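I wanted the domain contact, the ligand surroundings and the salt bridges.

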Amino acid sequence: MAKKQAEFIWFNGNIMPWKEATVHVMTHAIHYGSSVFEGVRAYHTPHKGTCIFRMQEHTQRLLDSAKIYRMTIPYSADAINQATKDIIKKNQLKSAYIRPIAFYGDIGMGLQVPFGQETELVIAAFEWGAYLGEEGLKSGVDAGITSWNRLAANTMPTGAKAGGNYLSSQLISMEARRHGYQEGIALDINGYLSEGAGENLFIMRNGIISTPPRTAAILPGITRDTVITLLAEMGYQVREENIPREALYLADEILMCGTAAEVTPVKSVDGIKVGNGGRGPITEKVQDMFFGLFNGKTEDKWGWLTPVE
Ligand code: PMP
């Protein structure tokens, strides 16, 4: 049974105790990876109470991922958003990691999913601290480039956040950990920088900031978009361009970002120190602005915070 991380789970329209939210062993998604999901965070803010960060965008991406795979999620965006608020409230969470997941259940064996087959929908919400550690947020993490490339564009769409894609992410992070790094970085099949196992990357040198484009086998992250927007606010334009591996070794600063990892500095790549080996000044400013959204120091001009109440 899944380790209990909260009292309740939202499952197909009902809120039920964590331990009762189970599926059959013949669940299609277990056999074939046929799920699409999201990772969303809610933060406790002093000015607006508990707020879900960029909820609309996450729900839209869930629906987009389902569309790519011709999946029918039998709930509207509004219903999913309301359910997300409901499960946070029901679990009395001040801050939360939220995991909506739509998947094919026990619909029978075989790859042929009946036309119009509806998915199940689960929304879990529980407390989850800094994914790469509190220390990582301050002083950075050691990362390594893995021998596994990200998916080729015409094999599986990396722009869909689908369960099956995360076998690639697991290989990347397992190899990185085996080599003593906290996170793995993958190249695409052309040898250009792609992304971390669950994070997008930004590299900075001489005040120029670049990030891999959508065509470099990335999941175009919502935090990536947030960082681009905050950097623009600070007067920096980000170049979305193919980045060669050696640029990682020559960077003044590198940051990783994602809903789980938030904004985390990278202090070394393959054992080569990034800049002075700590958190760089641009990264620190982005972090301050990012976390400022939740402590009230950064004005939410974009309407990114949705109060739960
Ligand atoms: N890439 C991958 C492979 C991811 O799993 C994630 C986390 N969802 C990201 C990038 C970052 O995306 P986001 O900022 O939307 O969480």
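**Entry 1: domains.** I started with the division of the chain: domain 1 covers 8-126 and domain 2 covers 134-295. These bounds come from an automatic or database domain assignment. This is a predicted model, so I kept its limits in view: local features need pLDDT of at least 70, side-chain atom pairs count only at pLDDT 80 or more, and totals for chains, interfaces and linings use all residues. Residues are numbered from 1 along each chain as its sequence is written, and side-chain values use heavy atoms, with hydrogens and water left out.

Entry 2: I looked up the spacing next: the C-alpha centres of domain 1 and domain 2 are 26 Å apart. Domain 1 gives 22 residues to the contact and domain 2 gives 22 residues; contact means heavy atoms within 4.5 Å. The buried area between the two domains is about 1,800 Å², and carbon and sulfur atoms give 61% of it. Buried area here is the accessible area (1.4 Å probe) that two parts lose on being put together, summed over both. In domain 1, I found that F37, Y43 and R61 lose the most area to domain 2, together 31% of what that side buries.

Entry 3: I noted two salt bridges between domain 1 and domain 2. A salt bridge needs a side-chain nitrogen of Lys or Arg within 4 Å of a carboxyl oxygen of Asp or Glu. R41 and E262 meet in a salt bridge through their side chains, at 3.8 Å from N to O.

**Entry 4: the ligand.** Which residues are closest to the ligand? I found Y166, E195, I222, T223 and T259, out of 15 that surround it (a heavy atom within 4 Å). A side-chain N or O atom of R61 is 2.8 Å from a ligand oxygen. K161 places a polar side-chain atom 2.8 Å from a ligand nitrogen. For I222, a polar backbone atom lies 2.7 Å from a ligand oxygen.

**Entry 5: salt bridges.** I looked up the total: eleven salt bridges. In one of them, D142 pairs with K267, with the closest N and O atoms 3.3 Å apart. D142 lies in strand 8 (residues 141-145) and K267 in strand 15 (residues 262-269), so the pair ties together parts 125 residues apart in sequence. Strands (E, at least two residues) are DSSP runs, numbered from the N terminus.

Note on methods:
A polar contact is a pair of N or O atoms within 3.5 Å; within protein, one must be able to donate a hydrogen and the other to accept it, and residues adjacent in sequence count only if both atoms are side-chain atoms. Helices (H or I, at least four residues) and strands (E, at least two) are DSSP runs, numbered from the N terminus.
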